[in-house]
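Please read this briefing with the sequence and the 3D structure side by side.

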Amino acid sequence: LADAVAGSGSLADLDVSLNALGGVGGALLAAGVGRSRVLRRLTLDRNGLGAAGGAALAAALLGHEACALVSLSAAGNELGASAPALAAALPSCRALRRLQLPRNDVDDGGGVALCEAFAAHPALRELDLSSNIITALPIETQLRLARRLGSAEGGGARGSVEGGGSRLDLSVDLSGNVLTSPPLAHRAGSQALGDYLAMLSAEPQAVSRIRLMVVGFGGVGKTTFCGAATCPPEVRPTYAAS
């Protein structure tokens, strides 16, 4: 099958979902995908690829300048630890518009890497990371997602984001992940935190009350930080000096 995929000049769609490729079979098929110049849609759902199969797929796509994929789905494969490698390979998939990786045990590190890759990818329009084990996205990552989505309403970095026609139907689905808002134990400067609060307040259903704990020794600036984070934006640049 891998040789057929690599050698075909017309195979544009391949769906091998609900098989038992496993890590070894996934690696063999990935090698063929990495040599194809015409394959546009690849579905690998529920094949037990595991992290090894995911890493092999990432290695095959990395640097594949002739990659023609516009859609890649690998739902329910326990890709887990291979998520950062897949994220690193996305820039090589210049035509990719749709990436579906739900139910893959993707953790915080993999989730952040994939969301950052989405934010930086000019062609990618849909990212599905639903029902994984992501618990937090740093405020800076959420802001970059919001900017990619084209408006401050990108607060869906906490759940599912659906873009309107003017935003070319961009979407990020993080539903089914136990995310905290704001993300606990992640540092952010006063400007980023202020931008994050503004992003939340600009949602269709504005968030006006959130939980925030600022911890530090006496005299280190907790009160100043909280004041800078909640003061009017036009005051913030000079607040610390007041």
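Predicted model: local features only at pLDDT ≥ 70, side-chain atom pairs only at ≥ 80, totals over all residues.

Residues are numbered from 1 along each chain as its sequence is written, and side-chain values use heavy atoms, with hydrogens and water left out.

**The chain as a whole**

- The chain has 9 helices and 7 strands, where helices (H or I, at least four residues) and strands (E, at least two) are DSSP runs numbered from the N terminus.
- Of its 242 residues, 46% count as buried; buried means under 20% relative accessible area, exposed means over 50%, and partly exposed lies in between (1.4 Å probe, protein chains only).
- Among contacts between residues at least 6 apart in sequence, 78% join residues at least 24 apart, a contact being heavy atoms within 4.5 Å.

- The buried residues of α6 are I139, T141, Q142, L143, L145, A146, R148 and L149.
- T141, a residue of helix α6, counts as buried at 2% relative accessibility, and, leaving aside residues up to four places away in sequence, T141 touches V112, C115 and E116.
- The axes of α6 and helix α7 (residues 190-201) come within 10 Å and cross at roughly 50 degrees, where axes are lines fitted to C-alpha atoms, for helices over the stretch in contact, and angles run from 0 to 180 degrees between N-to-C directions.
- That angle makes α6 oblique to α7, given that angles under 35 degrees count as roughly parallel, over 145 as roughly antiparallel, 65 to 115 as roughly perpendicular and the rest as oblique.
- On the α6 side the contact is made by I139, E140, Q142, L143 and A146, and on the α7 side by A192, L193, D195, Y196 and M199.
- Just after α6, G150 takes a positive phi of about 95 degrees.

**Salt bridges**

- The count comes to 5 salt bridges, a salt bridge being a side-chain nitrogen of Lys or Arg within 4 Å of a carboxyl oxygen of Asp or Glu.
- E116 forms a salt bridge with R144, with the closest N and O atoms 2.8 Å apart; since E116 lies in helix α5 (residues 108-120) and R144 in helix α6, the pair ties together parts that are 28 residues apart in sequence.
- E116 counts as partly exposed at 22% relative accessibility, and R144 counts as partly exposed at 35%.
- The side chains of R98 and E126 meet in a salt bridge (3.5 Å, N to O), and because R98 lies in strand β4 and E126 in strand β5, this pair ties together parts that are 28 residues apart in sequence.
- R98 counts as partly exposed at 34% relative accessibility, and E126 is partly exposed with a relative accessible area of 25%.
- Another salt bridge joins the side chains of E65 and R94 (2.7 Å, N to O), and this pair links distant parts of the chain, with E65 in the loop between α3 (50-61) and β3 (71-73) and R94, 29 residues apart from it, in the loop between α4 (83-89) and β4 (98-100).
- R94 is exposed, with a relative accessible area of 56%.

**D128 in strand β5**

- D128 is found in strand β5 (residues 126-128) and counts as buried at 12% relative accessibility.
- Not counting residues up to four places away in sequence, D128 touches L99, Q100, L101, P102 and D173.
- The C-alpha atoms of D128 and L99 are separated by 6.4 Å, although the two residues are 29 residues apart along the chain.
- The side chain of D128 also makes a polar contact with the side chain of S130 (2.8 Å); a polar contact is a pair of N or O atoms within 3.5 Å, where within protein one must be able to donate a hydrogen and the other to accept it, and residues adjacent in sequence count only if both atoms are side-chain atoms.

**Positive phi in loops**

- L18, in the loop between β1 (13-15) and α2 (22-33), has a phi near 60 degrees, a positive value in a residue other than glycine, and L18 counts as exposed at 59% relative accessibility.
- D105, in the loop between β4 and α5, has a positive phi near 55 degrees and is partly exposed, with a relative accessible area of 43%.
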